[in-house]
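Please read this note with the sequence and the coordinates open beside it.

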Amino acid sequence: MSEYIILSIFLFLGAFIAAAATVTGLLLGYRTKNTKNKMAPYECGMETIGNARIQFKVGYYLFALLFLVFDIEALFLFPVMANFKEIMAGNTPLPPQVVVIDLVIFMAILVSGLAYAWKKGILKWE
Amino acid sequence: MFVPSITHPVGDFIREWVPKLSAYLPEQLQSQTLDSIAAFLINALLCIIAVCAVNIGSAPILIYMERKVCAHVQCRLGPMRLGWHGTLQTIADVIKMLFKEVYSPSGADKLMFYVAPLIVLIAPFIIAALIPFDHNLIVADIDMGIPMIIAVNGFGVLGILLGGWSSNNKYSLLGALRSGAQMISYEISFAMILLFVVMISGSTSLMDIAQAQDGTVLDWFIFKIPVLGFIAFILFFISSTAEMNRAPFDIAEAEQELTGGYHTEYNGTPFAMFYLAEYIALVTNSALAATCFLGGFHAPCIGVAAIDGVLQMVPGVVWLFAKIYFMIWCYMMVRWTFVRPRVDQLMDFEWKFLLPVNLVLLAAGAVWMIFVG
């Protein structure tokens, strides 16, 4: 438990250091008048047209969805892989053959998902 | 129950003296819990100081190193004026950075603009706390070390997306989206390689993984499984390079195309925080590579008792840092010698090559474990 408390301290520490640096920058930093040209978003010398929060390609969402699937898959595989030696030595209630077949089925479903996405052209970046 | 997570002479000294000093406190405060809380706080403080020193201290060194490596690859000298061979150059840069004006562009989401560097800096700090530096020297020895690293890595993406979106700049938004897409894509192969490591070592705790590589050089995971271990190491190298958004995979901040990626609009210290996070991530990723493949804090023993005895006299921290700096040097050489791929090539490489290869590698590793290991 104490390990997790230390980790949470580190969580705040990273944020604290960044916040302290930002405040230092705000206090020490050189100041100039906030003119319109200075505050304008950078765009290679041109005047910015419209808002920057434009519509963007749906492809980014599709990659995010695929990422979710595979990341969760990896999380599901962690307990199995961490005990792989034990399972293969037969030290667990499930016999090793059953585990191997389960794993093959699990991976096959995922790989077929990847193959489907590939076939559908989701993985093609335009 | 208090379990000391870091043991060193100073910590032992304080742990011994805090209960004695607390005898002078008022009676109602003299409880066992108070002592343990005090000891815990002091222990935590020591951990924090140590990790901060390693993290923040290594950033200037790495920036100097990067400049020198880059310069010598390109047949230049690099920084030479300030101090001996330009050693004081990065310190001067830090001071310059502190006195730069901090402001957000018009139309920016101010809160999100300033919160983004905070979130980006959290991830490498947590990972640094999980790395075992020596047999007893680890800040937080948790069982879920590897899944924690994957989770925290995913957290850093949020900061980048937030920074790009809040800047009200089209380059920033595009850069952030590309960075996000790239980082989450390569996160998968990153996780898969770590799965391979977990399978060989039989534990998700980083300490156990480092301990499992005790022995000679041939017990390191890069050599333990013939060929497969080396392939896994190369794949880890590629995916962690992409994960850190470093060249040659720095599509998102390609200066020639997108001016600077998600931090185009940042200046002064918030920009420095993105930079710092990048370099701490370089240290932690190298430390992870060293721990998972290069034997962690173990000396490179070769099986000859006389030589091994001498090698083992060197503390583990020194070996770990030697390995970390070797890995950092590799990352830098790759950065300055390889050309940058296009964004579609990058995504194709991950989804159509790296991921299938990873799955095959995992299967091959499982077969090796069943029949040989």
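This is a predicted model: local features need pLDDT of at least 70, side-chain atom pairs count only at pLDDT 80 or more; totals for chains, interfaces and linings use all residues.

1. Chain A contains five helices and zero strands. Read from the N terminus, the order of its elements is α-α-α-α-α. Its radius of gyration is 26 Å, whereas the globule rule gives 14 Å for 126 residues, so chain A is more spread out than a compact globule.

2. Along the principal axes, the C-alpha atoms of chain A fill a box of roughly 75 × 50 × 15 Å. Of the 126 residues in chain A, 17% are buried.

3. Helix 5 of chain A covers residues 96–120, a run of 25 residues. From first C-alpha to last, helix 5 reaches 36 Å, close to the 36 Å expected at 1.5 Å a residue.

4. What follows helix 5 of chain A? The next residue to look at is Gly121(A), which follows this helix and has a positive phi, near 85 degrees.

5. In chain B, Arg178(B) lies in helix 6, which spans residues 170–201. Is Arg178(B) buried or exposed? Arg178(B) counts as buried because it has 25 C-beta neighbours inside 10 Å, and the cut-off for a buried residue is 20 or more.

6. Arg178(B) can also be placed relative to Glu253(B). The two are 75 residues apart in sequence, and their C-alpha atoms are 9.0 Å apart in space.

Note on methods. Residues are numbered from 1 along each chain as its sequence is written. Chains are lettered from A and ligands numbered from 1 in the order in which they are written. Helices (H or I, at least four residues) and strands (E, at least two) are DSSP runs, numbered from the N terminus. The radius of gyration is taken over C-alpha atoms; the globule rule is 2.2 Å times the number of residues to the power 0.38. A residue is buried if 20 or more other C-beta atoms lie within 10 Å of its own, exposed if 12 or fewer, and partly exposed in between; C-beta atoms are placed from the backbone. The expected span of a helix is 1.5 Å times one less than its number of residues.
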